[in-house]
Amino acid sequence: MKPRDSVYQAYWEFAAKRQRMFFARLRGNPPPWSDDAILNEYKFCCSYRASDRVSQFLIREVIYRDCLWSVEDTVFRILLFKIFNKIETWQLLQEEFGEIRFNNFNYARCADILESHRATGLPVYSSAYMSCATKAFGFDQKHRNHLALIHQMNHVDRIARTISRAKSLKDVFSKLRQYPLIGDFMAYQLAIDLNYSEVINFSENDFTIVGPGSERGIRKCFEDVGNKTFAEIIHWMTENQEEEFARLGIHFENLWGRKLHAIDCQGLFCETDKYCRARYPELKSNRTRIKSRYVSNRVPIIYFYPPKWGINSQINSEMAAQGSQFRLVA
């Protein structure tokens with residue numbers, strides 16, 4: 001591997017700076033939360049995927065809102081939420097259905113609700129990443145094809161049983177990837193989301209898939225990757241993070257003892273690609289500008305991570321010591 005030194009260092013600096021912003025806001029410090037003008041001006045994901053607003057909603061409200069969910073409830077709720085990946089869409093469906101459960105879900109009614117919502121000009125999908133939009137199930141509307149997919153996976157194939165018997169994270173990915181409308185990157189993201197639950201419990205370092213944004217970031221960070229695949233690059237970054245932070249003299253405050261995992265290092269390459277469009281515009285790619293500027297969202301986040309990670313008690317202790325309400329306006 002031959003890193004492009006300035007950009008390679010910017011990857012690690014970005015991870016540390018973005019994490020400092022996370023803690024500064026969490027601890028109630030006033031803005032600006034960084035001395036980096038680019039980070040203050042534009043919208044970037046957190047260094048840890050699970051800390052982002054949508055992931056937090058998924059973990060807290062979709063997966064762990066009620067500990068009485070069956071395995072089928074949990075898998076169904078995760079897949080239904082993530083196919084749209086939009087908090088407002090889930091809240092809309094909750095208003096109409098009450099608690100969303102496997103046994104009493106009405107797909108036809110759901111499709112009509114979303115159709116009416118779209119007719120008002122409001123989106124039902126997140127813009128975070130583009131989901132496949134072919135007419136795989138014969139419908140003209142994207143959301144109806146996706147609902148047909150969720151029905152096939154959950155109520156026909158009973159995928160919850162398949163997922164619960166998986167032997168590895170890669171096995172979960174492979175089971176998801178066999179369905180239409182689900183490509184490599186989407187299957188990987190869904191596998192990670194399912195792994196937040198108690199249905200499965202694999203290391204996030206066991207397997208990774210490189211998204212297109214991460215590929216651009218890797219190409220900017222390295223002049224030559226040698227004989228390594230992009231996935232191997234991500235695993236190398238994950239395994240050597242502490243040594244690289246120390247070598248570069250960068251202080252990184254991890255997530256209450258949890259180090260960056262492969263899903264996080266993969267995402268950081270995507271964010272570095274975005275960051276470089278402002279800091280190193282001479283590095284050309286098919287994306288030349290950062291799409292979104294930072295806009296404050298006044299809805300607070302009450303942070304909660306998968307209990308099996310063992311960090312929630314540490315978070316609560318720290319927040320109690322500071323007298324914090326453990327809310328972040330982000």
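This is a short chat about one predicted model.

Me: Before we start, what should I know about how this model is handled?
Reply: Because the model is predicted, local features need pLDDT of at least 70 and side-chain atom pairs count only at pLDDT 80 or more, while totals for chains, interfaces and linings use all residues. Residues are numbered from 1 along each chain as its sequence is written, and side-chain values use heavy atoms, with hydrogens and water left out.

Me: How many disulfides does a search of the whole structure find?
Reply: The search finds 0 disulfides, where a disulfide is a pair of cysteine sulfur atoms within 2.5 Å.

Me: How far does helix α14 reach?
Reply: Helix α14 covers residues 262-279 and spans 25 Å from its first C-alpha to its last, close to the 26 Å expected, the expected span being 1.5 Å times one less than the number of residues. Helices here are DSSP runs of H or I with at least four residues, numbered from the N terminus. Of the 18 residues in α14, 14 are buried, so this helix is largely enclosed by the rest of the structure.

Me: Switching topic, where is Asp52?
Reply: Asp52 sits in the loop between α2 (37-41) and α3 (53-63). Not counting residues up to four places away in sequence, Asp52 touches Cys45 and Cys46, contact meaning heavy atoms within 4.5 Å.

Me: Which side chain of opposite charge is nearest to Asp52?
Reply: Arg18, at 5.0 Å, and Asp52 is buried yet has no salt bridge, which would take a side-chain nitrogen of Lys or Arg within 4 Å of a carboxyl oxygen of Asp or Glu. For charge, Lys and Arg count as positive and Asp and Glu as negative, with His and the chain ends not counted.

Me: Last one, where is Lys142?
Reply: Lys142 is in helix α7 (residues 142-156), and at 24% relative accessibility Lys142 is partly exposed.

Key. Helices (H or I, at least four residues) and strands (E, at least two) are DSSP runs, numbered from the N terminus. Buried means under 20% relative accessible area, exposed over 50%, partly exposed in between (1.4 Å probe, protein chains only).
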